[in-house]
Amino acid sequence: MMRGGTSKGPFFLAGDLPADIADRNQMLLTIMGSPDARQIDGMGGAHPLTSKVVIVSPSKRDDSDVDYLFLQVSPETGAISDSQNCGNMLAGVGPFAIERGLVEAVEGETIVRVYMVNSSSQADLVVQTPEGKVTYEGDAHVDGVPGTHAPILQNYFGTAGAQCGALLPTGNEIDLIDGIECTLVDNGMPSVLLRAKDFGLSGYETPATLEANAELKTRLEAIRLKAGVLMNLGDVSDMTIPKMCLIAPPQYGGIVTTRTFIPHRVHQAVGVLAAASDAAGCMFAGGVAAGIAEFEEVNPCRVDVEHPTGALTVELAWKGDTVVRTALLRTARKLMDGLVFL
């Protein structure tokens, strides 16, 4: 069990799970305690952010050390989705791979090259390994996580259009869906950016307030289903993408304030790759963030994406009109290591 960024869940070696996907998924549902909103009979934390599973295996690719498969388990329904990545849980992949002997650590810092199976893209993780051993202790702070821990630098490559074919899947900086202007963007996490004010909101509401707004959730879901088709994702009614992101002017010096539906609960912070997509979407002069986002036009650019519990720093390097590298700082911590019973 590991915390990765602002999420947590069990990490498995692929060889310890059934090869048959149906058998594997049934085992994972039993382990997590789904379907049940409380996940009382399993290891899940009764929230999408704490009902996540990571599966790691040695990579057969020359450019990667390990393969990382992320699975989102729905507490209530027991649905298991591999339609998205998770940059938060990715933070734990490097330490896990080293501790499980898949990558040999070196003195100081160890780079773990990860192939992200969900999006067919890559990330390099810089893990702190003093004396050749993983440490979780350090002075790096991640908003939404108490205390400080060892920093884990994430460099992403090939995330632009990884799941939708292009950074702007429709080729438009703005699309009109149900009378609402949207920017549809995929920089590692298919996302729909919408102005909070277009829904009569400030954009600074708490997650609980937004979750209690049934009319809002119905409108956002209708837009999400149509956006999924436009973003080349097809029928997304049973998928956890695209994410729906309400944006408002920044309050604390960031590029923008966000409230993210993931897609039906509201994130207590913001997903790593969702923040990467949000930041990229804010860069388009003709997008919905025009007049809202505040940033300097430099390349690479470093911006803070504000969320309900703080901000997440994203660095983007551009070539032409697309992103070629995304960098973020995360932390992770090993919570326990042992046997889980079926």
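Trainee: Which residues is Tyr 68 in contact with, leaving aside its neighbours within four places in sequence?

Mentor: Contact here means heavy atoms within 4.5 Å. On that basis the partners of Tyr 68 include Val 54, Ile 55, Met 89, Val 93, Tyr 115 and Asn 118. Remember that this is a predicted model, where local features need pLDDT of at least 70, side-chain atom pairs count only at pLDDT 80 or more, and totals for chains, interfaces and linings use all residues. Residues are numbered from 1 along each chain as its sequence is written, and side-chain values use heavy atoms, with hydrogens and water left out.

Trainee: How many residues has the largest nonpolar core?

Mentor: A nonpolar core is a set of buried (under 20% relative accessible area, 1.4 Å probe, protein chains only) Ala, Val, Leu, Ile, Met, Phe, Trp, Tyr and Cys residues joined through side-chain atoms within 4.5 Å. The largest has 83 residues, and Tyr 68, Val 93 and Leu 194 have the most contacts inside it. Apart from it lies another core of eleven residues, Phe 12 and Val 73 among them.

Trainee: And what is the volume of the second largest pocket?

Mentor: Rolling a probe the size of a water molecule over the atoms shows where empty space is left. A pocket is an open set of points on a 1 Å grid over the protein atoms alone, where a 1.4 Å probe fits, with protein on both sides within 12 Å along at least five of seven lines; lining residues have an atom within 4 Å of a point. Its volume, the space filled by probe spheres set on the points, is about 360 Å³ for the second largest pocket. Of the 18 lining residues, Ser 74, Thr 77, Thr 240, Pro 263 and His 264 lie nearest its centre.

Definitions and conventions
Buried < 20%, exposed > 50% of the residue type's maximum accessible area, 1.4 Å probe, protein only.
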